[in-house]
Amino acid sequence: MRSHKLMLLLGTVVIVTACMLFIGCSDDETSTGTVGNLNDPEFLEVHGQVSELVDSTLTWFSEGLGSMSHVLGDSMINPIYYGPSGPDAKTDSSSVAYINGWHIIYFAYNAGDYYTVQVDSIQFRNGEIYQQNVSGLDAIRFRHNWQYDVLDTTATHCNYTTNTNFSFDNLDQGQCTVTGICNWIANSKQVWADSTVWRQFNVDVDITSGKIDKTGSGWAQGCPRSGNISADVAMIYQKNESVPDTTNWNVNISFNYGVASTTVTCGDVTWSYSCRECWAPQ
């Protein structure tokens with residue numbers, strides 16, 4: 001497993017440019033129709049998690065579609081594509097198997113300061129029939145389960161757990177469709193000189209009507225031409241020994257050739273912004 005947290009830090013797969021934020025000047029969360037303040041600290045926390053989720057989702061698109069080129073000898077997934085990406089990472093255990101129509105890849109490894117586990121399940125399909133090789137396929141089912149745990153929990157850190165289930169269809173054509181669901185859980189701890197703050201983010205994601213174009217080099221670029229991601233976010237906040245407080249957020253993201261237009265709402269407050277997440281072929 002390549003840690004997606006690590007992948008974001010290393011800047012692989014997804015090219016992210018500066019976001020263009022179109023935000024108002026009020027942080028009054030009690031008024032009707034309030035435009036959110038860019039400097040609202042709670043929004044910034046949610047925005048950070050949404051940004052990482054989008055980056056990781058695009059990485060998963062590339063990994064799911066890229067699995068077509070990872071087959072060794074036309075029968076098994078080549079495990080080299082799932083090895084650790086950090087220079088100090090060491091694999092603790094791994095396995096690759098084909099069971100009941102699914103290529104199942106398991107990796108667990110540590111990199112000194114964190115430990116991560118990945119289980120990917122990949123199914124190649126032709127119509128309603130699954131097959132072990134990629135010949136003549138028109139669909140891929142891709143399930144990705146990932147856990148990332150920092151070893152030193154006394155310092156500021158964030159741990160992640162992710163479960164996804166994606167479908168890539170119409171792969172026998174020039175444009176495939178992407179649909180699926182994802183559950184993203186992030187547990188953060190921020191240690192300050194005079195306080196400790198915990199935040200837990202529970203994010204349920206629905207991906208609909210995604211469109212990815214095939215290029216001369218295949219599908220693995222993974223950048224959506226169009227599509228929509230919607231998410232419900234519950235953020236649980238606790239400072240020191242205070243009673244935990246939960247706020248609920250709704251996120252809607254529309255893609256247009258790699259540019260993501262995002263609307264975030266919490267109660268009657270709305271934030272809207274656009275950001276180029278990747279470059280889709282035109």
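## Overall picture

Contact here means that heavy atoms lie within 4.5 Å of each other. On that basis, residues 24 or more positions apart account for 55% of the contacts in the protein with a separation of 6 or more. This is a predicted model, in which local features need pLDDT of at least 70 and side-chain atom pairs count only at pLDDT 80 or more, while totals for chains, interfaces and linings use all residues. Residues are numbered from 1 along each chain as its sequence is written, and side-chain values use heavy atoms, with hydrogens and water left out.

The protein has two helices and 16 strands, where helices (H or I, at least four residues) and strands (E, at least two) are DSSP runs, numbered from the N terminus. Of its 282 residues, 45% count as buried; buried means under 20% relative accessible area, exposed means over 50%, and partly exposed lies in between, computed with a 1.4 Å probe on protein chains only.

Two strands are said to pair if DSSP finds at least two bridges between them. Strands β12 and β13 run antiparallel and are joined by 13 bridges, and within this pairing Q200 stands opposite I236 in β13.

Strand β13 is in turn joined to β14 by 12 bridges, again in the antiparallel sense, with G227 standing opposite F255 in β14. These two strands, β13 and β14, form a hairpin with five residues between them, and N240 in the turn has a positive phi of about 50 degrees. N240 is also one of the residues touched by S195, together with Q190 and K239, when residues up to four places away in sequence are not counted. S195 itself is placed in the loop between β11 and β12, and it counts as buried because its relative accessibility is 8%.

## Strand β15 and its neighbours

Strand β14 (residues 245–256) is joined to β15 by seven bridges, and the two run antiparallel. In the hairpin of β15 and β16, which has two residues between the strands, G267 takes a positive phi near 65 degrees.

In a regular strand the side chains alternate between the two faces of the sheet.

## The disulfide and other cysteines

A disulfide is a covalent bond between the sulfur atoms of two cysteines, and the search used here takes a pair of cysteine sulfur atoms within 2.5 Å as a disulfide. Across the whole structure this search finds one disulfide, which joins C223 to C278 with an S to S distance of 2.0 Å. The pair links distant parts of the chain, 55 residues apart, with C223 in the loop between β12 (196–213) and β13 (226–239) and C278 in the segment after β16 (269–276). The link of C223 and C278 is right-handed, with 80 degrees about the S-S bond, and both C223 and C278 are buried.

C176 counts as buried because its relative accessibility is 0%, and C275 is buried because its relative accessible area is 3%.

## A link across the sequence

V35 lies in strand β2 (residues 34–35), and it counts as partly exposed because its relative accessibility is 42%. Although V35 and W271 are 236 residues apart in sequence, they are 6.1 Å apart in space, C-alpha to C-alpha.
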